[in-house]
Every structure is written in C-alpha cells, then in structure tokens.
Amino acid sequence: MILVLFVLSSCDREDDLPFELTAEGLVGTWEQYQYRGSTGIEKFETEYESTGKTITFFSDGEWESVNFFECDEGEYSVTDQILTMIFQCDDPVKTQLFRLKREKDQLIISPSCFEGCFYVFKKI
C-alpha cells in the first residue's frame, strides 16, 4: 500500500512541468508579482505580491494586457528567448523587444534598460 502511494504521488502532472521559453510555452495568463531594478548604484526589488497586472498570451500569436502596458492588445512572437511585442494601438512605440528568462515557475521579462530591470511574472 505504501509503495502504491509513493508511485502515485511521484508522477509528474503536466501543470508541474517547467514551461518552455517559446511562444507555445508562454500561452496562458501571467500576473506580475515583482519588479527588480537598479539605480545604477544599488539594486532593488519590490515586495513579491499580486499586482493585478496581467498579460495573456494566446496560441494564435495575439496577447492582451490588463494594467501592464499603455496599450492592451497586440501580437507577439518568440525567437531565441527574445519576446517581440507588437502593439495595436496609437502608442508611439509600435514594437518592443524583451529578453525572456525562467526562474523555476516564474517568467522574467526584461526590456532594454541601461541599468537593468526585470518584471517577474507567475502563471495564474
């Protein structure tokens, strides 16, 4: 009986597997939980907590955002761990590139910042 419980509890569920840093791996809704940055002199990070700021990536290459970007929809692609976001609104910046990184179950999105800045997301 103990052996059966051990075998059943050690099976990986698909939800527990790490996500890929690909367009397919990003599909779903991600919420920002932290911001990490630098003043040039010292590094800092915000508290790790729910912010209500989300990005949803769809399998058809489109995305929606709630309270994260000025623009709330567009298209995306991923190549070599670089996320290209195309904004479909009157924002003067129509395209932005982000470097992607994974820390356990967290998605780290980094725009081009001189001193380094990182948005930490968790899939919800």
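Mentor: Contact here means heavy atoms within 4.5 Å. This is a predicted model, in which local features need pLDDT of at least 70 and side-chain atom pairs count only at pLDDT 80 or more, while totals for chains, interfaces and linings use all residues. Residues are numbered from 1 along each chain as its sequence is written, and side-chain values use heavy atoms, with hydrogens and water left out.

Trainee: Which residues is Met85 in contact with, leaving aside its neighbours within four places in sequence?

Mentor: Met85 touches Phe57, Trp63, Phe69, Glu75, Tyr76, Lys94, Thr95, Gln96 and Phe98.

Trainee: What makes Cys71 and Cys89 a disulfide?

Mentor: The criterion is a pair of cysteine sulfur atoms within 2.5 Å. The sulfur atoms of Cys71 and Cys89 are 2.4 Å apart, so the pair qualifies. Cys71 lies in the loop between strand E4 (62-66) and E5, and Cys89 in the loop between E6 and E7, so the bond ties together parts 18 residues apart in sequence. Strands are DSSP runs of at least two residues, numbered from the N terminus.

Trainee: Why does Cys71 count as buried, and why does Cys89 count as partly exposed?

Mentor: Buried means under 20% relative accessible area, exposed over 50%, and partly exposed in between (1.4 Å probe, protein chains only). Cys71, at 1%, is therefore buried, whereas Cys89, at 25%, is partly exposed.

Trainee: Why is the aromatic pair of Phe69 and Phe87 called edge-to-face?

Mentor: Rings of Phe, Tyr and Trp (its six-membered ring) pair if their centres lie within 6.5 Å; planes under 30 degrees apart are stacked, over 60 edge-to-face, the rest tilted. With 5.1 Å centre to centre and 75 degrees between the planes, Phe69 and Phe87 are therefore an edge-to-face pair.

Definitions and conventions:
Helix = DSSP H or I, 4+ residues; strand = E, 2+ residues; numbered from the N terminus.
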